[in-house]
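Please look over the chain shown below before reading on.

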Amino acid sequence: MINSTVHEKYMQRCIELASLGLGNTAPNPMVGSVIVCDNKIIGEGYHSKIGLPHAEVNAINSVKDKSLLKKSTLYVSLEPCSHFGKTPPCANLIAELGIPNVIIGTIDSAAHVSGKGIKILRDVGCNVITGVLEAEARELNKRFFTFHEKKRPYIILKWAETKDGFIDKERDNNSQQPVSITNELSNRLVYKLIS
């Protein structure tokens, strides 16, 4: 069996790929997938936009020699889906192709998936490992997980505060215009932090 450091290396690549979908996949999660055969990446993909094929499908489609799939390991940052939505279930495709090993970053907590994709894979004899770089995989989709686990949106609070604890400086010359206590650089940094 491959050691956990190798699994983490490939899962890190899945997370990097998944982040390429930022801003285009909601309400679906961002997901990346890598297919490895004989310690070489032979395919990779990510979910680029809602309604388009998922990461696993894109990774599978990128493999030139499909006969290698039967002796490969598929890495994916989130449990493969197990339901029909805008696209067919990824878990079924992986099972049909006979990919023997699937390494998952984190389980999908959406009620219509949660563990069902893993069950489909295990039922056909697939070796499934979960929880590889789980914290990183969850962080990538914190908005998705908050919605499904806490039944609310992910909330970000931001404000500017002066050194002495005020959030709004005195009005300038009795005008009704607030005086900004931030600058353009800090505004750009905050925007980057919350994106």
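## Backbone geometry in the loops

Asn39 sits in the loop that runs between β1 and β2 (40-46), and, in what is a predicted model, its phi is near 60 degrees, a positive value in a residue other than glycine. With a relative accessible area of 59%, Asn39 counts as exposed, because that value is over the 50% cut-off. Leu133, which belongs to the loop between β5 (127-130) and α5 (134-140), also carries a positive phi, of about 55 degrees, although it is not a glycine. Leu133, however, is buried, its relative accessible area being 14%, and the term applies because this value falls under 20%.

Another backbone feature concerns the peptide bond from Ala26 to Pro27, which is cis, with omega near 10 degrees. Pro27 is placed in the loop between α1 (4-18) and β1 (32-37). As background to these features, most residues other than glycine have a negative phi, and most peptide bonds are trans.

Lys71 is located in the loop that lies between α2 (55-62) and β3 (73-78). Its relative accessible area of 49% makes Lys71 partly exposed, since the range for that term lies between 20% and 50%.

When residues up to four places away in sequence are not counted, Lys71 touches Cys37, Asp38 and Pro100.

## The nonpolar cores

The largest nonpolar core is made up of 21 residues, and those with the most contacts inside it are Ile35, Ile60, Leu74, Ile94, Val102 and Leu121. Two or more residues are given to this core by each of α2, β3, α3 (90-97), β4 (101-106) and α4 (116-123). Apart from this core lies another one, of 15 residues, among them Tyr10, Ala18, Val34 and Val36. In soluble globular proteins, nonpolar side chains tend to be buried together.

Which residues does Ile60 contact, leaving aside its neighbours within four places in sequence? They are Ile35, Lys66, Leu69, Leu74, Leu93, Ile94, Leu97 and Ile99, and this list includes Ile35, Leu74 and Ile94, which are themselves among the residues with the most contacts inside the largest core.

Terms used: Residues numbered from 1 in each chain as written. Predicted model: local features only at pLDDT ≥ 70, side-chain atom pairs only at ≥ 80, totals over all residues. Heavy atoms only, no water. Helix = DSSP H or I, 4+ residues; strand = E, 2+ residues; numbered from the N terminus. Buried < 20%, exposed > 50% of the residue type's maximum accessible area, 1.4 Å probe, protein only. Contact = heavy atoms within 4.5 Å. Core = buried A, V, L, I, M, F, W, Y, C linked by side-chain atoms within 4.5 Å.
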